[in-house]
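Morning, everyone. Here is the model for today. Have a look, and then I will walk through it.

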Amino acid sequence: MKAAVTTQAGAPEVIEIKEVARPEIKSGWVLIKVMAFGLNRSEIFTRRGESPGVEFPRIQGIECVGIIGEDPSGTYQSGQQVASIMGGMGRFFDGSYAEYALVPLEIVFPFTSKLSWDILGAIPEMFQTVSGSLNQALEIAAGEKLLIRGGTSSIGMLACQLAKSKGVTVIATTRNPDKKQALLDNGAEYVVIDKGHVKDQIREIYPDGVDKVLELIGTQTLKDSLQCIAPKGIVCMTGILGNEWTMKEFTPMRDIPSLGRLTVYMGESKNLSKELLQEFITEVEKGTIKLNIDRVFNLDQVAQAHQYMENNQAKGKIVVEVK
């Protein structure tokens, strides 16, 4: 089979297209014919050699959609539509950057849909991340005010829609003034142009601060985001769009406001259920939820797609379709 193999730690060009052996089926695992997969920023860190425990060469890819090739347990039928996410996929065992992926049975989720594979490929990890961040980590509720730091990302755009559906007021940030209208069209009540610090702009809109912050930029802006919350407000760091994993300095008694709360969301496959996934896919089919897909690459272009993602050129989810 064809696969995009990360041959060693390094820049995007370390990802090479190779012919490799198709995975051999084993008990407790399922062979999936991969039809599409989304790219995720965590995969940049893995490619660079910054993910602990990852050995090279490695076929990366932490999510995919496709059809069952073989399931020795008989849980799924050949040709059945499924998604698979996380659980060490693409890090501790070979993942979805290939025509076939062998994954543990417990990280497989069935669904039915007539959506095209490129659209379906954008869904699993993006939905799991947004739903978990908003509902489990931030516990959003109707009437609250939510700041989304990094609003034009695929996660940010979807988070705005889901938060709005629950009666939450959304303030979204972008560094690019040209993207302001896109955020307003996506449902944000307010758009703040982010020059590294937004605290003063947020306090002009809401003097007491916001109830919740979804932090998608990461360590670069986390301290400033903490200064945007009202008493007992919550900041959830979910993304690392700023490409910096570690903070150089953090003083909790100074950087976290009194009564403020800081959490992170690092969702796993156990945070997703087949019922939640199917429900979301159905809403996408109805047009109730609009996915923000920036560009679709093919398997031969994975290295190019990584460079595109690392350059922050995307205005939404990057998908790779396997044809």
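I will take the strands, then a helix, then a pocket.

Ground rules. This is a predicted model, where local features need pLDDT of at least 70, side-chain atom pairs count only at pLDDT 80 or more, and totals for chains, interfaces and linings use all residues. Residues are numbered from 1 along each chain as its sequence is written, and side-chain values use heavy atoms, with hydrogens and water left out.

On naming: helices (H or I, at least four residues) and strands (E, at least two) are DSSP runs, numbered from the N terminus. Two strands pair if DSSP finds at least two bridges between them.

First, an open sheet. It has 3 strands, in the order E2-E1-E4, and the pairing is antiparallel. E2 (15–19) and E4 (58–59) are at the edges; each has a single partner strand, so one side of each has no neighbour in the sheet. Strand E1, residues 2–6, is joined to E4 by 2 antiparallel bridges. Thr 6 has Arg 58 of E4 as its bridge partner.

Next, strand E6, residues 81–85. How many of the 5 residues of E6 are buried? The count is 5 of the 5, so E6 is largely enclosed by the rest of the structure. Buried here means under 20% relative accessible area, with exposed over 50% and partly exposed in between, using a 1.4 Å probe and protein chains only. In a regular strand, side chains alternate between the two faces of the sheet. In E6 both faces are covered: Gln 81, Ala 83 and Ile 85 are buried on one side, Val 82 and Ser 84 on the other.

Now the partners of E6. Strand E5 (residues 63–70) runs antiparallel to E6, joined by 5 bridges. Gly 66 sits opposite Val 82 there. Strand E8, residues 108–110, also pairs with E6 in the antiparallel sense, over 3 bridges. Ala 83 has Phe 109 of E8 as its bridge partner.

On to strand E9, residues 145–149. Of its 5 residues, 4 are buried, so E9 is largely enclosed by the rest of the structure. E9 runs parallel to strand E10 (residues 169–174), with 4 bridges. From E9 the chain passes through helix H4 (residues 154–165) to E10, and this β-α-β crossover is right-handed. That is, with the strands pointing away from the viewer, the path from the first strand over the helix to the second runs clockwise. E9 also runs parallel to strand E12 (residues 210–215), again with 4 bridges.

Now helix H10, residues 302–310. Its buried residues are Val 302, Ala 305, His 306, Tyr 308, Met 309 and Glu 310. Their cover includes E1, E2 and helix H1 (42–48), with contact meaning heavy atoms within 4.5 Å. Just after H10, Asn 312 has a positive phi of about 60 degrees.

Last, the second largest pocket. A pocket, on a 1 Å grid over the protein atoms alone, is an open set of points where a 1.4 Å probe fits, with protein on both sides within 12 Å along at least five of seven lines; lining residues have an atom within 4 Å of a point. Here 18 residues form the lining, with Leu 162, Ser 165, Glu 279, Phe 280 and Ile 289 nearest the centre. Helix H3 (124–137), H4 and helix H9 (274–286) each give two or more residues. H3 gives the largest share, 5 residues.
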